[in-house]
Structure formats: C-alpha cells, structure tokens
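Thanks for coming, everyone. I'll take you through the chain contacts in this one. Please have the model up on your screens.

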Amino acid sequence: MTNFIEILIRGLMLGSVYALVGMGLTLVWGVVGIVNIAHGEFVMLGAYLAFWAFSLIHFNPLLSVALAIPIFFFAGMTIHKRITERLTKAPELSALILTFGMSILIWNLAQFFWTNTYRSVPYLTGSFPFFGLVFAKSKTVSFFLALGITAALFAFLKYSRLGKGIRATSQNSEVALVCGINTMRMRAVTFGMGIALAGAAGTIVSLQWVIFPQMGASYVSKAFAIVVLGGLGNIQGALAGGLIIGVLESLTTQYWSAKMAQIIPSMTILLILLLKPTGLFKK
Amino acid sequence: MHNETILRIDDVVKKFGEVAALDHCSFNIEQGSITGLIGPNGAGKTTLFNLITGVLQPDSGHLFFKGEEITGKKPYEIARRGVGRTYQIIRIFPKMTLLENLVVVGKGRERRVMERAMELLQLVKLSEKKDDYASDLSFGQQKLLSLAQVLMFDAELILLDEPAAGINPTLQNELMALIHRLNEGGKTFIIVEHDMGVIMNHCQNAIALNYGQKIAEGSCSLIQQDERLLEHYFGR
Amino acid sequence: MKNSSGDRNLIGLGISLLMAFLVSVPFFASDYWMTLLVLILIYTVYASGWNLFSGLTGYTNFGLAWFIGVSGYVSSLLIADHKFFWLLAWPIGALFVGIVSIGVGYILLRIKGVYFAISMVALTEGTRELFGTEYLEPITHGGKGVPFVAGISLSALYWSILLLAFMTVIVCYKITSSKFGLRLMAIREDEQAAETLGIHTTREKIIAFVLSAFLTGLAGAIHFTYQNYIDPSFGFTIHLTLTPIVMALFGGVGTVFGPAIGATLFTFIHEILWAELTILYMAIFGGILILLILFFPQGLLGWMKERGVLPRIRKI
C-alpha cells in the first residue's frame with residue numbers, strides 16, 4: 001500500500017511538469033490558433049539552458065527557471081511576430097507543417113552544435129524519507145517549482161489586465177478586437193507565454209532527467225495527449241490532463257513495463273478523439 | 001390539384017443545451033407549393049432546414065419525405081431522395097470551376113451529366129463562365145450557381161435560405177422568376193426570407209415561427225392579417 | 001481549349017520518350033545511378049500517394065509512415081521468416097495495409113482538421129512502440145529488427161518500382177480528371193455542403209484513403225526489400241511521412257506531376273547535401289519547409305499555373 005501511494009505521488013510529481021508543457025501548448029493553440037509541433041523543442045532548449053548555465057558558470061539550476069522565463073518569453077514573442085503571425089489567416093494545416101519544419105530545424109541544430117551526448121545536471125542528488133516513503137530530492141523540488149509556476153499562471157490569467165485580455169481573445173477574438181483589445185499583441189504575448197512555459201518546464205526537467213537533442217519529441221506527444229484530454233484551450237483541463245498522464249505513466253511503468261508506458265500518450269489521443277473529442281473537462 | 005404532402009414535420013423538438021430551437025413543431029408541405037418560412041432571428045428557421053437535410057438530428061419527433069421517414073438518415077441519403085438546399089452564406093466549392101461544381105453532384109453517365117450541367121448553366125445564364133473558378137463569381141451569381149447545383153441532382157423539394165438577400169434587384173427578379181418557372185415544372189420550394197415583400201409576392205403559403213414554435217400557418221393573405229405576426233413584423 | 005488535343009499529343013510523346021529511356025536505364029547505367037533512380041521512384045510513389053488522398057480531400061495525413069511501415073513489415077517478415085517470393089510478399093503487404101486502412105479510415109476519418117493529423121501521428125507512434133514490445137516480439141522480432149535477403153537483382157527491383165511509379169502517376173491522372181476526383185475536391189472545399197448535395201463523403205474519403213494506403217504500402221514493401229532490413233524506429237520514422245509531404249508541397253499539392261517533380265528534385269538535393277553536410281542536412285530540410293509554407297505555399301506547378309506559364313487545368 002505504501003508502495004502504491006509512493007508511485008501515485010511520483011506520478012503526480014511527473015505530471016506536474018508535463019502539465020506545464022501541456023498548458024503552454026493549449027494556451028497557444030486556443031488563443032493564437034496555432035498548433036505548435038515545435039513546442040517540445042523549447043522544452044529541450046530550456047533543459048540545455050540550465051545545463052550550460054550550470055556547467056559553464058555554475059549557475060544555480062533552480063535560478064535557471066527564473067532566467068528561462070523571460071528569455072523564452074521574448075524569444076517566443078519574436079518568433080511569433082516574425083513568422084507565425086503571418087499564418088493566422090492561413091489554413092490551420094499550414095501552421096502544422098511550418099512548426100513541424102521548425103521542430104526539425106531546432107533539434108537538428110541542437111544536435112549539430114551540442115552533439116548527441118547525453119547530458120545531465122548533477123545538482124540535487126539523493127533522496128529523503130517522508131513518513132516511511134522515499135522521494136528523490138530533485139523530483140520533489142521540481143514538483144514544487146512546477147506548482148509555483150502553475151499558480152502564478154492561474155493568478156496572472158485571472159487577475160491581471162493582460163491575462164483578462166488573453167482570456168477574452170481566446171473566447172472570441174472578434175468581440176475582443178471590437179472592445180479595443182489589441183488582439184495581435186495578445187497573440188504575441190500568449191505565444192511568448194506558451195514558449196516560456198515550455199522553456200521553464202525544460203529547466204525543471206534538467207534537474208531530474210537526461211538532456212539530449214531529440215528529447216522534445218516525447219514531451220510534445222505528451223503535451224498533445226494533455227491538450228486532447230483537457231479540451232482545446234482549457235488551461236485547468238490541461239493541468240488535470242498533465243497529472244493524469246503522469247500518474248498513468250508512473251503506474252504503467254511500475255506494474256506493467258516501461259515500454260508500455262511509452263504507448264500511453266498515443267493511446268490517450270486516439271481514445272479521447274474517438275470517444276469524447278471535446279475533452280474530459282468542462283471549461 | 002396538388003394536394004399530396006411532400007414533407008411532413010411531426011412534433012419535432014431540437015434543443016441546444018437548455019434552449020429549445022424547435023419546440024414541438026409540426027406542419028405539412030404540399031407538393032408543388034412555394035412556402036415562405038418567416039420569423040425573427042433565432043426563431044428556428046435555419047435549425048429546421050438543418051433538421052430536414054439531416055445535418056442535425058431532432059431530439060424527438062419525426063420527419064417524412066414523400067411518405068418515407070427520413071429521421072436519422074444521413075444528409076447524403078436525404079439529398080439522394082430529392083431534398084436540396086442552398087445556404088444563407090453561400091457554400092459552393094470555390095476552387096473548382098462552375099462546370100465542375102455541377103458535374104460533381106450529377107448522377108449517371110458522364111455524357112448525360114455534362115449535357116445536363118451545360119443546360120443548367122444556360123438556365124442560370126452562367127454558361128459563358130463555365131471554366132472560371134466559382135470564387136470569381138459575384139455573390140448573386142454564386143447564389144444562382146448554388147441553385148443550379150441543387151437542380152443538378154434533381155431535387156424535388158428545394159430549401160432556399162434567404163435567396164434574395166444581398167443581391168441586386170435585377171438579379172433578384174431573375175432569380176424569383178426562375179423559381180416560379182421551376183415551380184410550374186413541379187418543384188416544391190420552402191423559402192426563408194426576411195424581406196416580407198418577397199414572401200408576400202412569391203409564396204402561396206407561409207409558416208411563421210417564433211421561439212421554435214409555429215405561431216401561424218396559412219395562405220399569405222391570411223398570415224398578413226394575423227395580429228401576433230403584425231406585432232413581429234409590421235408593427236413596432 | 002482549342003489546342004488541348006495538340007498539347008495532349010505533345011505531352012504523350014514526351015512521356016513515351018521518358019518511359020523508353022527509363023525502361024532502358026539498367027542496360028547502360030551504373031549501379032550508383034540506378035540506386036538513385038530507385039529512391040526517386042520510391043519517393044515519387046510516396047509523394048503522389050500522399051497527394052492522392054491529402055491533396056484532393058484536404059485531410060492532412062501525418063501518418064504516411066504507418067502505411068509504409070505496416071506494409072514494409074508484413075512483406076519483410078514474409079520474405080525473412082516464411083521464405084515468400086518477393087513478388088508475392090509485396091502485394092500481400094500492400095493488401096494487408098489496404099484492408100486494415102478500411103477500418104482505420106472508417107474510425108479516424110470522422111475526425112477533422114488538425115485532430116485527424118494528430119490522430120494519424122498517434123497511430124504511427126503507437127504502432128511503432130507496439131511493434132517493439134515483448135508482446136509482439138515472436139512475430140515482429142521486437143526492437144532487434146528484421147534483416148533479410150530477398151534475392152532480387154537491382155535491375156528487377158528497379159523495373160518493379162518503375163512500373164509502380166508509372167501506375168501511380170496514371171492513377172492520379174485518371175482520378176484528378178474523374179468525377180471521383182471532383183467529389184474528393186468537393187470534400188476539401190466544403191465537406192458538409194458536399195454531403196447535403198448527395199455526396200457520400202465518408203465512402204469517398206475511405207476509398208481515397210485505402211487507395212493511397214495500398215500504393216504507398218506497395219512502394220514501402222519495395223523500399224524495405226531494397227534496404228534488406230526493417231525495425232520499428234526505421235520502418236515508422238517520421239521522415240517517411242515528412243519527406244513525401246515536403247516533396248508534394250514543393251511540386252504542388254493537388255497537381256498530378258508536382259509530387260513526382262518534387263520527389264526528383266529533393267532526392268537529388270538530399271544526395272548532394274547528405275554527402276556534404278550530413279548532420280546539417282535535416283536542419284536545412286526543416287528550414288526549407290518553413291520557407292515553403294511562408295513564401296511558396298502553392299508549389300512549383302501552382303506557381304507556374306498562376307503565372308500563366310502552364311494552363312490552369314487539373315490534368316497537370
């Protein structure tokens with residue numbers, strides 16, 4: 001029984017990071033209308049940011065998160081203004097193919113510059129006991145970091161003027177435009193936020209997992225499963241979806257096999273799209 | 001002369017969430033008639049069209065076309081039985097030529113289909129533009145093409161969603177004249193229109209909907225005198 | 001319109017000459033050139049097969065690798081483990097993926113737009129993982145992969161894929177100028193309107209999907225026979241989906257010859273870049289994809305048609 005609870009909590013910890021990635025994807029998809037296949041690549045870049053900052057100047061990886069958010073935010077805004085904004089009137093599938101190209105470009109450049117060597121950030125090692133359960137320090141810290149960012153995101157969307165504008169744009173961009181909201185700026189800001197979430201997730205991931213150029217693929221497939229589970233553009237749904245995927249992965253790995261756990265995202269996508277295409281949660 | 005019922009709507013209910021778009025609606029349409037469907041925005045007219053063509057399914061109630069139940073049938077099955085519609089926002093196939101727009105819905109042998117398509121393009125006076133993309137047509141011409149599409153698969157009951165809206169008076173007259181000619185040839189029409197003049201001048205009967213309920217039905221002259229309707233349309 | 005029969009004769013003559021040349025290639029060309037042509041022809045089938053379904057219906061298939069991998073696996077396993085003759089194993093592989101595609105199409109083609117694309121990726125990824133698990137290992141050899149020798153000469157392989165590529169282009173040509181092709185385009189333009197005009201959209205979509213699966217599957221079977229090897233990550237790699245899409249986009253989506261032209265050009269580009277810049281090659285590929293969507297969305301043939309260099313008809 002303690003074992004089961006431990007695995008469950010591990011799943012939630014894992015899921016909290018997945019949720020960050022998923023919330024970024026669903027935010028951009030819902031508000032900007034762009035399906036960003038390259039989303040996982042920004043997770044990878046975030047992880048490398050933490051790695052290089054740590055190994056070159058011994059920058060504290062926990063602070064890398066604070067560093068990553070503004071960097072990725074502005075990078076995302078720039079990418080949107082230069083490239084993806086041109087696609088807002090194009091068919092949805094153009095964006096799909098373009099961001100696909102972006103994904104390939106980014107991870108191959110990463111491979112070119114940083115090679116295929118597996119890297120890691122040996123910062124928080126070891127574990128600590130907690131009421132008879134044992135948790136890795138890195139995973140526990142990651143969990144609280146992810147929760148903190150999630151709480152900040154929710155507060156931002158709920159209380160800030162900008163956040164309200166983003167929610168208005170996501171619900172009806174024409175009405176928002178008429179109401180004097182600069183929807184173009186909203187889209188750029190949202191795109192930046194989505195990328196920042198991916199980047200922040202990446203720095204968190206670097207604490208507990210190996211880093212390599214192709215790592216984005218597994219995160220983007222999980223993020224898609226999360227968006228489909230939570231319903232398109234539904235941030236709370238994405239949080240719940242992330243936790244569900246994390247717990248499922250943790251349970252499957254433990255009680256079945258690691259190989260089968262890899263199939264979870266694709267199975268989730270197929271099942272949800274067939275049975276309940278609007279997602280499990282109400283907005 | 002033509003008293004046979006071509007379409008029977010029997011106690012149809014359609015809800016979107018809590019709101020009933022159609023609330024126990026029943027009526028019959030006679031073969032060879034032109035019926036106006038009137039009512040304010042949100043009265044359920046377009047929903048009714050969507051139910052008749054099978055795009056939506058009713059929550060309860062039944063629909064019959066020429067005596068055969070069509071409730072629950074797929075849109076293409078209903079179309080093949082002889083129900084055609086045009087849309088308020090024109091929905092032709094923009095990146096296909098006019099000829100292709102017609103040929104694509106034709107049935108039977110290639111040669112026969114081509115001939116029929118050319119005939120229809122002549123009928124709507126668009127034969128000179130047969131190889132142009134449909135997106136190059138004016139709004140009014142697109143409406144004519146849309147009507148020709150419906151004729152192409154020999155629909156007997158034709159549902160027109162605001163055929164006269166947004167087109168110039170000359171083309172409007174031409175279109176209405178065409179509808180009368182087709183009607184004389186045996187086609188049955190149901191027309192949704194906001195312009196009461198069009199309804200009064202061109203329809204024999206009218207059905208008035210409000211909040212998804214049928215509030216009046218009868219010949220146009222009778223409808224015109226109905227007080228509740230006067231409130232909605234003529235009074236202020 | 002008047003000189004269209006003259007045009008047709010000219011095009012016919014050109015195609016006959018090209019075919020005569022291509023058929024005779026094994027008698028004079030080196031193995032290097034034949035290998036290059038084999039790849040061009042395989043990718044011609046992939047790109048045309050993708051275009052046949054996605055270009056006409058507008059449903060973007062991001063799971064072309066699934067068609068290729070499933071058929072490649074079936075035929076490779078038949079040759080490797082059951083000693084089937086290659087000429088028999090190939091059509092069985094293609095028929096298998098074609099038949100399974102009826103069911104897959106029936107289920108997944110209800111999903112529209114981006115969601116359809118994602119569901120096809122999920123199907124491909126799921127199958128890739130599944131083929132590598134211990135549960136299917138007795139059949140698929142799991143992650144170890146299937147090395148095999150089919151005992152086919154390069155010339156025979158070349159002629160086979162040449163015939164298939166020729167048939168594929170003919171099929172695409174026939175379909176784009178048929179009523180079936182028009183119905184598929186109507187689905188692309190406005191699916192609901194098409195259905196209320198009496199078009200059985202589900203059936204038409206499935207037929208095109210299955211046809212695309214069969215043709216690309218057949219090319220996939222030949223592809224892996226040529227490679228003498230298949231494994232899950234190789235057979236279902238995203239590149240097998242991506243590369244044909246780029247080729248079709250470059251040549252012109254929805255055109256008959258565009259995908260073939262795209263396949264030829266990109267195989268050459270691949271050959272040159274691969275030799276010079278092995279790692280950067282994929283990055284450049286990604287960059288090209290971005291530029292194509294931004295500046296050249298209608299493709300080479302579409303661009304030429306718009307400029308009036310080519311007539312605006314479907315048969316090109």
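Let's start between chain C and chain A. The count there is one residue pair in polar contact, with both residues at pLDDT 80 or more. Keep in mind that this is a predicted model. The elements of chain C that give two or more residues to the side touching chain A are α4 (86-108), α5 (113-131), α12 (239-251) and α14 (280-295). Which of them gives the largest share? That is α5(C), with 12 residues. By residue class, the side of chain C that touches chain A divides into 25 nonpolar, nine polar and three charged.

Now the extent of that contact. Chain C puts in 37 residues, and chain A puts in 35 residues. Between them, chain C and chain A bury about 3300 Å². Carbon and sulfur atoms give 84% of that area.

What about charge pairs? The rule finds one salt bridge across the interface of chain C and chain A. Its partners are A:Lys259 and C:Glu129, whose side chains meet at 3.7 Å, N to O.

Next, chain B against chain C. Here 30 residues of chain B are in contact with 20 residues of chain C. The buried area is about 2300 Å². Of that, 56% is on carbon and sulfur atoms.

How many residue pairs are in polar contact across the interface of chain B and chain C? The rule finds nine, both residues at pLDDT 80 or more. On the side of chain B that touches chain C, at least two residues each come from α2 (75-81), β6 (83-85), α3 (98-103), α4 (110-123) and α5 (139-152) of chain B. The largest share is from α2(B), with four residues. By class, that side of chain B has 16 nonpolar, five polar and nine charged residues.

The rule finds one salt bridge between chain B and chain C as well. C:Asp190 pairs with B:Arg91, and their closest N and O atoms are 2.7 Å apart.

Last item: the surface of chain C. Look for a nonpolar patch of about 650 Å². Its members are C:Leu18, C:Phe21, C:Val23, C:Phe27, C:Phe28 and C:Trp159. Where does the largest share of the nonpolar patch come from? Helix α1 of chain C, residues 4-28, supplies five residues. C:Val23 is one residue that lies in this helix.

To recap the two interfaces. Chain C and chain A have one residue pair in polar contact. Chain B and chain C have nine. That's my part; over to you for discussion.

Definitions and conventions: Residues are numbered from 1 along each chain as its sequence is written. Chains are lettered from A and ligands numbered from 1 in the order in which they are written. This is a predicted model: local features need pLDDT of at least 70, side-chain atom pairs count only at pLDDT 80 or more; totals for chains, interfaces and linings use all residues. Side-chain values use heavy atoms; hydrogens and water are left out. Contact means heavy atoms within 4.5 Å. Buried area is the accessible area (1.4 Å probe) that two parts lose on being put together, summed over both. A salt bridge is a side-chain nitrogen of Lys or Arg within 4 Å of a carboxyl oxygen of Asp or Glu. A polar contact is a pair of N or O atoms within 3.5 Å; within protein, one must be able to donate a hydrogen and the other to accept it, and residues adjacent in sequence count only if both atoms are side-chain atoms. Ala, Val, Leu, Ile, Met, Phe, Trp, Tyr, Cys and Pro count as nonpolar, Asp, Glu, Lys and Arg as charged, and the others, Gly among them, as polar. Patches are made of residues with over 30% relative accessible area and no salt bridge: like charges are joined within 9 Å, nonpolar side chains (Val, Leu, Ile, Met, Phe, Trp, Tyr) within 5 Å. Accessible areas come from the Shrake-Rupley method with a 1.4 Å probe; for residues, only the protein chains shown count as cover.
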